[in-house]
Amino acid sequence: MAYGFAVLTHIDADKQIDWAEELCRILKPNGVLLLTTHGSNYAYQLLPNKKQQLKEKGIVTKTYTRQGHRRMTSIHSALHFKKILEPYFIVLEYYEGSVHPDKAGEQDVWILQ
């Protein structure tokens, strides 16, 4: 089992597929991966143009001077993130943060194999 709690939330949108590939590479066969992402529950933080980008592209990154810094945030639509994951993983369970805030502090939770 591997956990990625609030990791992808601080990775640039352009790097998300690279991270999915690497996580798939290192996960043992039949291993389980738990990831959290900032989903639609975090869209309120965005300016109108960024909300539109989220709607159109499914992901938006609030940039910061340092990659991976806690102030750098990527917000995903669940549909977009699922499309990133599907070539590498089976989605066993998904919990939307706004519906299940108790699971991971309002972040979306993805359980993958």
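# Briefing: a mixed sheet, its helices and its cores

Strand β1 pairs with strand β2 (residues 33–37) in the parallel sense, over 3 bridges. This pairing belongs to a predicted model, in which an open sheet of 4 strands runs in the order β1-β2-β6-β5 with mixed pairing. The edge strands of that sheet are β1 (2–4) and β5 (91–95), each of which pairs on one side only, and the twist from one strand to the next averages 15°.

**The sheet and strand β2**

- β2 is mostly covered, since 5 of its 5 residues are buried.
- In a regular strand the side chains alternate between the two faces of the sheet. In β2, Leu-33, Leu-35 and Thr-37 point one way while Leu-34 and Thr-36 point the other way, and all of them are buried.
- To get from β1 to β2 the chain passes through helix α1 (residues 16–26), and this β-α-β crossover is right-handed.

**Helix α1**

- The buried residues of α1 are Gln-16, Ala-20 and Leu-23. They cover an arc of only 65° around the helix axis, which puts them on the same side of α1.
- The face of α1 turned away from this buried side carries Arg-25 and Ile-26, which are exposed.
- The buried residues of α1 pack against β2, β3 (59–62), β4 (73–76) and α3.
- Ala-20, which is found in α1, counts as buried because its relative accessibility is 5%, a value that falls under the 20% limit for a buried residue.
- Apart from its neighbours within four places in sequence, Ala-20 is in contact with Ile-84, Tyr-88 and Phe-89.
- Ala-20 and Lys-57 are 37 residues apart along the chain, and their C-alpha atoms are separated by 18 Å.

**Helix α3**

- Helix α3 (residues 78–85) has His-80, Phe-81, Ile-84 and Leu-85 as its buried residues. These residues cover an arc of only 140° around the axis, which puts them on the same side of α3.
- An α-helix has 3.6 residues a turn, so residues three or four places apart point the same way.
- Leu-79 and Lys-83 lie on the other side of α3, where they are exposed.

**The nonpolar cores**

- In soluble globular proteins, nonpolar side chains tend to be buried together.
- The largest nonpolar core here has 13 residues, and those with the most contacts inside it are Leu-33, Leu-35, Phe-81, Leu-85, Phe-89, Trp-110 and Leu-112.
- The elements that give two or more residues to this core are α1, β2, α3 and β6, and the largest share, 3 residues, comes from α3.
- Leu-33, when residues up to four places away in sequence are not counted, touches Ala-2, Tyr-3, Leu-23, Leu-27, Phe-89, Trp-110, Ile-111 and Leu-112.
- Another core, of 6 residues, lies apart from the largest one, and includes Tyr-42, Ala-43, Leu-46 and Val-60 among its members.

**Helix α2 and Gly-58**

- Helix α2 (residues 48–57) is hardly covered, with a count of 1 buried residue among its 10 residues.
- Gly-58 follows α2 and has a positive phi, near 85°, and it lies in the loop between α2 and β3.
- Gly-58 is buried, because its relative accessible area is 5%, which is under the 20% cut-off.
- Leaving out residues up to four places away in sequence, Gly-58 touches Gln-53, Ile-75, His-76, Ser-77 and His-80. Among these, His-80 is one of the buried residues of α3.
- Gly-58 and Tyr-44 are 14 residues apart in sequence, and 15 Å apart in space from C-alpha to C-alpha.

Technical notes:
Residues are numbered from 1 along each chain as its sequence is written. This is a predicted model: local features need pLDDT of at least 70, side-chain atom pairs count only at pLDDT 80 or more; totals for chains, interfaces and linings use all residues. Side-chain values use heavy atoms; hydrogens and water are left out. Buried means under 20% relative accessible area, exposed over 50%, partly exposed in between (1.4 Å probe, protein chains only). The arc is that of the directions from the helix axis to the C-beta atoms. Two strands pair if DSSP finds at least two bridges between them. Axes are lines fitted to C-alpha atoms, for helices over the stretch in contact, and angles run from 0 to 180 degrees between N-to-C directions. A crossover is right-handed if, with the strands pointing away from the viewer, the path from the first strand over the helix to the second runs clockwise. Contact means heavy atoms within 4.5 Å. A nonpolar core is a set of buried Ala, Val, Leu, Ile, Met, Phe, Trp, Tyr and Cys residues joined through side-chain atoms within 4.5 Å.
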